[in-house]
Each structure stands twice: as C-alpha cells, then as structure tokens.
There are 2 protein chains.
Amino acid sequence: MSSTSTTADSPIGEQITALQTRIKGLKMSKQDASLEIDQMKVLQDQLKSAQREAGAAAGSKSAFTLKTPKGTIDHKPEAALLRKKIFSTLEGVFLKHDTSPIDTPVFELKEILAGKYGEDSKLIYDLSDQGGELCSLRYDLTVPFARYVAMNGLTSIRRYHIGKVYRRDQPVMTKGRMREFYQCDIDFAGHADPMVYDAEILKIVCECLTALDIGDFTVKLNHRKILDGIFELAGVPADKTRTISSAVDKLDKMPWADVKKEMTVEKGLDEAIADRIGQYVGLKGPGRELLEKLKSDKDLMAIPRAKEGLDDMEILFRYLSVYKVLDKMSFDMSLARGLDYYTGIIYEAIHESSAPPSLPTNPSVPAPTKVSSKAGKSAKPSANSNVNEDGIDESTVGVGSIAAGGRYDNLVGMFAEAAGKKAEQVPCVGISIGVERVYSIMEMRRRGREEKTRGKETEVYVLGLGGVELEKRMEIATMLWDNGIKTSFSPKVNPRTPAQWKQADDDAIPYVVILAPKEWADGIVRVKAQVGKDAAGGDKGEEVKIGELTEYLKDKLGKL
Amino acid sequence: MSSTSTTADSPIGEQITALQTRIKGLKMSKQDASLEIDQMKVLQDQLKSAQREAGAAAGSKSAFTLKTPKGTIDHKPEAALLRKKIFSTLEGVFLKHDTSPIDTPVFELKEILAGKYGEDSKLIYDLSDQGGELCSLRYDLTVPFARYVAMNGLTSIRRYHIGKVYRRDQPVMTKGRMREFYQCDIDFAGHADPMVYDAEILKIVCECLTALDIGDFTVKLNHRKILDGIFELAGVPADKTRTISSAVDKLDKMPWADVKKEMTVEKGLDEAIADRIGQYVGLKGPGRELLEKLKSDKDLMAIPRAKEGLDDMEILFRYLSVYKVLDKMSFDMSLARGLDYYTGIIYEAIHESSAPPSLPTNPSVPAPTKVSSKAGKSAKPSANSNVNEDGIDESTVGVGSIAAGGRYDNLVGMFAEAAGKKAEQVPCVGISIGVERVYSIMEMRRRGREEKTRGKETEVYVLGLGGVELEKRMEIATMLWDNGIKTSFSPKVNPRTPAQWKQADDDAIPYVVILAPKEWADGIVRVKAQVGKDAAGGDKGEEVKIGELTEYLKDKLGKL
C-alpha cells in the first residue's frame, strides 16, 4: 500500500481530502484574481505539510517523491511529437521570410535581466551562488535577443528562436500556465522604412496560424502612440501614463466599471479624465473604418503623437492589404499590452475559442463597440467529454491570446548604453507565438475528432511465424532501415505470434511483413496493411518477393 | 576608447597582458591535467581582479559587460542552422528505429540527481532557494530518463531526447567543453532477449555517424562483466573494483606505466595484481578474433562473470554481423567508462581525427596490442590555417569520443526503490551522441573545403528598379511566400539598385527576380540565377511572365 492510501482514512487523511477539495473549488470558481491565488497558496502549503506529516505518521521510508518540479511537466511521446510538428510548421514559415535561427543560453547574467520586467521580476528563477557569476534563467526570449544584438553590435538581423523560458508563477496546469514552457519568437531588428517590417511580422503571424490549421483567429491591433495621444488628450499626467495604460489592458478581462475604478480609486486618476479615456478605449472594428473615424476627430489629430500613430496605421493597412491579411485584423483601442518597452504598434492574436468564459458584458463603456464578427465569440461549454483528471472542464477555459508582440525601438539601445557601448538604437519589432496554447487547441480539436495520436512514426512491423529465427527478422529490418523505412520487430528470439500482432496493433503500425518458414525458403514474404484503405484487403496479406519488398513498401508508403 | 585599450599601457595593463600570456601558454602546453587547471584558475582570478581594477582606474561607467555566462555561448545563425541539420539527421535515424521523443524539464528536484554522479556531483548547477522545492539543472539526459521510466511505472520504452545539459566544469572552449551543451541520447528500456537491444543501439550509432557524413569512425566495445572477471582473476579486492576500473579507463590518455602507478601508488593495489591486469587490458582488435583468444583462456573462462560477458559478446557479434556493422567494431579491453551504473556492454565511438595529440606510445603494456587499422590514427597538426582567435591550433586538439554509452540494468530500479515504489528492475541500454563534437568536426571539414555556410535559407530576392513601388515587390513576395518559396526584398520604399544587389549577394540568395517599370507594365519580370550552374547564364536574366513566375521558380528550385 502506498503512503497516500495508508492515510486516507486517518484524521490527517480527512484533513488532506478537505484541503484538496477546497483547492479544487477555488481553482474552478475563479481564474486569476490574485486574492484567490494567495488563498490557494496558503491552502497548498497547509496541504503539503499535512501530506508530509501523514508520510511521517505512516512510517514511510520514502525519501522522496518521483515527480517533476512544480509547474513543470514531462512531454510524453505523443505530446513531444506533436510539439515537434508545431515547431517545424512555424520554422517553415519563418525560414520563408528571410530569417535565421539563433540559440542563446538558458541562463543569462542576472544583471542582464534585472529591471526589464517591472513587477514580474520577482518571477525570475535565479541560479544558486556556487562561486563565479550570478545567473538567472531566461524569462523570455526578447531580452536575450536584445542582449545578443547589442553585444554583437548588429545593426540588422531577422531572427527566430524557439526555446523554453522560465517563470516562478503560480502554475495553472489546466490553463497551460507553466513554470517552464516553450516560446517561439520572431523579431526583426534594423532600420526599415515605416511599417515595412511591422506589416511583414503580421503577415508571418497570419501564415503561421493558418499553417497550423487550428481554426479561425483575429489579430487585435493598436499603436502605443495613439494610446498615449488619447491619454494626453484626456489629461492623464505624464507620470501616470504607463499605469493607466496597464489598467486599459485589462478591458478584455474586466468590465469598464472595474477598470475605471482601478484608474480612479486605486491609481488616483480624476474621474472626468477616466471618462474621457472611456470614450475612446471601447472603440474597435475593421481597421480602415475606425481609422477614418479617428482621423475625423480633430481634437485627437491635434495631438502630434496621436497623429503619428494614425499615419503609421494608414501605411500599415495599405501593406497588410497587399499581403492579403487585412481582413484578419481588428483595430482595437482597448489593447495596451503590459510590457513597458513597446514604442509603436502592438498586437495580439486571438483564437476563435478563446474568449474568457462567463464574463459580464460591458454595457457602461460609453462608445458602443463594433466588434469584428470573428473576435469575442464565446467558447461553448459542452458536455462532460472535456472534463479532465482534475475535474475541470477545459472547454470553458479560454486559452487567451495565441500570439502577441509589438514594436520596441529602445531596448537594444538600453543594453548598449548600460554596457557603456556607443548607444546606437536598433529599432525592433517582433512577436511571440504561444506554442503551449497552440498545443492545447490542437489537443482539444483532436479529442473532439476522437483521433488517436501516435508517439512514434514506425511504418513496418516484421513478424516471424514459428521457426523463423530472429536473425531473419533482423535481416529484413536491416534491408528496410537501410532504405529509409521505419521498421520494428519483437526483441525476443522466439516471440509468440499473438504477442507480435498485439505489438503491431498497439503501436498502430501501418504494415506488417510476415515471415513464414516455407515462404521464406521460396524467397517470399507476405505484407499486410493494418490501417488505412488497404487494411480491408486480403486477410492473409499480399505475397511479395524479398528482392522486391523495399520497392513495394516504398510505393505503399509514398516514398518513391 | 574602450576601458581595455585605456589601460593597455598602464602598469596594470602590463600585468593583464602578462597574465593573459601565461594563461594562453598553459592552455597550449597541456590538455587536462588538473594541476594546470588549478593553476589556471588562480591566474584567471588574478586576471579578472586586475581587469576590474583597471576598469575602476579608468573611471569606466560601465555597469556590466554584455556577455553570456562563463562556459556558455550564443549559437549564431550559421551554427544554429547547422545544429538544426545535425538534429534532424539524428532524429531521422532514431525514428526509423521505432523510437519516440520525450522532453523532460531542464531542472529536476535536487534529490533526483543526488548521488548519481559520484565526484562529479560538485559540477551540478543548483537553483536558488526562492521558496518551494530545491531544484538543480540536469547534468545529463540519462538520470531524467530513468526518473521518467520509474515515475510512470513503464516496463518498456524506446526513447530519444535531444536537449541541453549543464555542468559547472572548467570550460575549454577550444575543445568544445562547455557548461551548457547539447546531448542527444537514445535509450531502450525493457526486457529483451540478450543483446537484441544492445546490437540495435550499436546499429543506430553506425547509421547516425554514417548519415552525418563526417568521415570514418570506430566503435570501441567492452563488457563490464569481462572487465570485472579480469579483476577477479587478477585478485583485485571487491571494494577496489570500481576505482581500479576508472584507472583502466585512462589508458587512452595515459601510458600503462602511469596507469599502473595510479593503481599501485595512489590506490594501494599490489604490484603483482596490477601486472596481471596489464596482461589483459592492452588487448584489442576485431571482435571475433579477440573473442576466440579470450575464450581459449581457461583461467578467465573459469570465472563465471567473465564467461557470462564473453557469451554475451558472442551473441552480440552475431547480431552485429546481420546488421552489417561488425567491421566498425573494435573489441577493446582497456575501455572501462567512468560511470558506476553500467552493468553490461559499454562502448565509445571514436572519430578518425580524434586520437589525443602527442602522447607517448605505450611500450610497457605486456601483451602487444593489435590495433584496428582505423582506430588510434593521430590527427596531423597542420599549418596555421586552423589557429583560432585564442591562438590555439584546433587541428591538434583531439575531439575525443563522439558517442558513448552502455547497458545499465539497475538505475530505474534504484529510483523506484528510493521512492518507495515496487522496485521493479527495468533493464536499459543506450548511447549519447556528442553533438558538440560532431559539430566541431563538421565545422573543421567545412573550413578545410573553404565552403561558406549560410545563416538563412532564402531562395529568391525581389529587386525593384527605379520607379517600381514597394507594394509591387510586396505583391510578388506574397505570391511566392504563399507558394512556399523563401523570399526577401529591401525594406525601403525607394532602395538604391546597388544596395539591393549587394543584399542579394551578401546573403548568397540563389535567384533574383527583377521588376522593371516597363516590363512590369507588360506583365513580365526577369529572373537571374546568382549561384550554381545557371549563374553564368544571360547577364540580364531570363524573361518570365508574372503568371508563370511561381511555376518557373519552383522548377528551378526543385520544388515541383
């Protein structure tokens, strides 16, 4: 009996069960609100110590639990193969666009990351001080990229990078929020004419999301300069711009009344100013229509920053139209993006399934919004088919944005300057594609179609009937391997025939090559299709001369 | 002026130069001897503090240096693309052999790694204790694999894993010894009949090294049980077996006299016992011949363990012969492998270029060795063409083994037991391919051939002559991108023609599509081949109708 079951009926066992139930309840009731998270942390600590106590009480010898660290998971074969396919799809698109991969270390000098993530800096993993330099695990791929550009004195590079990043966040496995997760970034650094790179990045995102074949999506677009112009027009004091901006960014998760409260009560903004902001940030819709509306707003156009931003958007929409992706865009004044370093356009791609569940609608935003027909569609909670091990219905959990980014023209210069180099500005624009979210969507769609995923790609199973030695199977396998055919066979000298069929079935291997003693003596084997349209064919399989087996299988496998 | 050059002529500048010279001298004079490494560390610390002092003296404002942490590097585009090719070659071979990828976290619970690496445990990177679990960066991929198998209660899995591992070792960049480096492991866990999996792993290694096309190689083979049998026969006390084994393992780097000294003087072994060991460990040669010789040794065959090992080898050679890779093997009694956990066959693949430089030959080993014609060939130090930035001639630096591994039948059971699970043994056999070494060899060969590597795969450059707007180039690029053609163009609205040609040349882009105002009006562009056999053709390029451009280029690029 394991130590867990030993304690299930003891008082401490009951305590554990109660704590587990409360934690689960909290997880299901709310998404992100930090109050619940703090509460959950306390409960989880209580749970942990109760479990420790229970272990000690049961006199368990167990020195440790076999597990991965909190917030990390093993990607098992099926998951690892699917991720590999996602990566190669994305890389295929990236490489079409004149880009290069780079690969930076998983940890950086601590001082490189310091001061780049505002409040989130507390989420950075540090390495122990074991003598030598102080290092931290990378938090994203953007700061290492800026460090790379500054360190090598580059003036232009178009790079992509797929790698894991690390955040000591409260993990929410069901939402795919992990402490270790893949990021997949593409960034263009260098001096291009206005909006040329910006438009291409947006074209790339659309190509990527289309190539991944995960359903419809919308790209929300905004411009920091327009937003800043609105704040200026509304009368937001300069020192409050960023904090008010981050309040605006919550409009996709909170109703306007709450955002306004954050601005006025929490952040001390004058209510009249907040109301003036509210007149603008509710605006969204197809690019050119909203652009015309804003350009006819004389007050706004009188603010130089706002005019600059609107001029940018006009050029951008022209290019996006040539790129045939303008219909994917939604100009959305409520998009602000959290990070401080954006200086120009900002964007977020939203998947059709990803509206946050059961949020109150937003009636108090003064200017009624014109929602793109694609964005904001709510995911329908379905029957129990999607309820996972934790009892949480994943279909109701919005996966949020699947890609996000923007222009950041000052980050590289900041590095160069901080390191005492000639502080040359290298303007950048880029996007990060949320691989984990793409993966979740693919998984949900696959489950919806009740498709089985394979954890291997094996094409042929070599099966020996009684009396055919292992070496014969090895001989055939060698012939197939050496011709690029993915082949497997039983590792037993005398395997039972049913066990061999079972292995071929379990692994869903498309073709079985059957070696029988008499046929072998005649230089013949039989090939039986296990899956696909040929599977229904002759029960005993087709006879093939050994000398023609490779060509026969290559033909069947589409490898000729 | 940088702070370095400021101080070059000052007393402290001289001190720095002197220290740098001594360090370089030490690096060049010896490879690994730990005395020199300690000395070097002291010097490097002195150098560092002198540099700090110099910086302070120069009044440098510089808060930090833009660099990657010690022992880590950025893989730049050319290097990252080449590694990507290595990985996909290896994955292609692995997937042929009925294997699955898995992907485990970069860090593990500290206790998972504890006690697995003997003395090398000091090289493990720990994460800071920031509350919560204590974690360490993985040191290899084998221990996480065993943890994965035990944790999931698997009884069989054939997995590969390519990922970075971390060792706080003294980095020797010129030898490719880094603190962060890729490992590429393939392991089979599960109960197979004797030597079936072992033989397939060796077949896989041969397929991999052949597919990588890096030149000739030899796989040194031995068996822990034979080695232990020899120790038993020689009279080595049981508690000294592993330490004497690790002395034997140094025979590829040290002459027998030194190894014997280590055994007797350092490790207190009786001289007569050492001599008896010496009679065996010098033996090596083609598998079957040496096997016959050992099987005719009645004393050795009387030791049960030795006989078991030799029986294994006999089966193994039979399978390797069916797999057509027996000629790649060298049965080598001096191969012992450092790690404690091996229980059966052990192996190491040696590249033709990788004999350690200028080692004394080994005349005092009693039994004259019969060296395979391929193994042990010395790398020829060539002219200065290979001298790198650090002034070290890389061609004289042996790259060591390019793959190594063996059978380890008890590791998974250890984990299961330690975690209080039912301690089921899951026998394993595997190999780790030294990606960094493969990369170094490829790089050296490429430089030898004076080939240029590209950091991108762009196939077509769209060039606009005066008067053709940016949107036209975008339009053509969109058409090509949407048809899977890797395309680039200038990000300027009005780029100068020479600047466009330069960009196409710098990036070695094979085809240039030229848009000229008059031809464009007629629906025509010109295509000019820049590299390859077509490049010599018509100076002005070939005229192609815009509607036929995609097909034309696909044909040229072999994409039809």
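1. A salt bridge here is a side-chain nitrogen of Lys or Arg within 4 Å of a carboxyl oxygen of Asp or Glu. With that in hand, have a look at the network of salt bridges that links Asp98(A), Arg158(A), Glu200(A), Lys456(B) and Asp507(B). One bridge to inspect is the one between Lys456(B) and Asp98(A), where the closest N and O atoms are 3.3 Å apart. Please keep in mind that this is a predicted model.

2. How many salt bridges does the structure hold over all chains? The total is 82. Between chain B and chain A the count is 14 salt bridges.

3. Now to the contact between the chains. Chain B contributes 98 residues to it and chain A contributes 97. About 8600 Å² is buried between chain B and chain A, and carbon and sulfur atoms give 57% of that area. On the chain B side, the residues that lose the most area to chain A are Phe64(B), Leu66(B) and Trp481(B), which together make up 9% of what that side buries.

4. Polar contacts are worth a look too: 52 residue pairs between chain B and chain A are in polar contact, with both residues at pLDDT 80 or more. Helix 4 (residues 77-96) of chain B supplies the largest share of the side of chain B that touches chain A, namely 7 residues. Sorted by class, that side of chain B has 45 nonpolar, 22 polar and 31 charged residues.

5. Within chain A, Lys502(A) and Asp506(A) form a salt bridge, with 2.6 Å between the closest N and O atoms. The two are separated by about one helical turn because they lie 4 residues apart in helix 18 (residues 497-506) of chain A. Asp506(A) has a relative accessible area of 42%, so this residue is partly exposed.

6. Chain B has a salt bridge between Asp506(B) and Lys502(B), again with the closest N and O atoms 2.6 Å apart. Asp506(B) is partly exposed at 42% relative accessibility, and Lys502(B) is partly exposed at 49%.

7. Which parts of chain B does the pair Lys559(B) and Glu459(B) link? The salt bridge itself has its closest N and O atoms 3.1 Å apart. Lys559(B) sits in the segment after helix 20 (549-556), while Glu459(B) is in the loop between helix 16 (435-448) and strand 12 (460-464), so the pair, 100 residues apart, links distant parts of the chain. Lys559(B) counts as partly exposed at 33% relative accessibility, whereas Glu459(B), at 11%, counts as buried.

Conventions:
Residues are numbered from 1 along each chain as its sequence is written. Chains are lettered from A and ligands numbered from 1 in the order in which they are written. This is a predicted model: local features need pLDDT of at least 70, side-chain atom pairs count only at pLDDT 80 or more; totals for chains, interfaces and linings use all residues. Side-chain values use heavy atoms; hydrogens and water are left out. Buried means under 20% relative accessible area, exposed over 50%, partly exposed in between (1.4 Å probe, protein chains only). Contact means heavy atoms within 4.5 Å. Buried area is the accessible area (1.4 Å probe) that two parts lose on being put together, summed over both. A polar contact is a pair of N or O atoms within 3.5 Å; within protein, one must be able to donate a hydrogen and the other to accept it, and residues adjacent in sequence count only if both atoms are side-chain atoms. Ala, Val, Leu, Ile, Met, Phe, Trp, Tyr, Cys and Pro count as nonpolar, Asp, Glu, Lys and Arg as charged, and the others, Gly among them, as polar.
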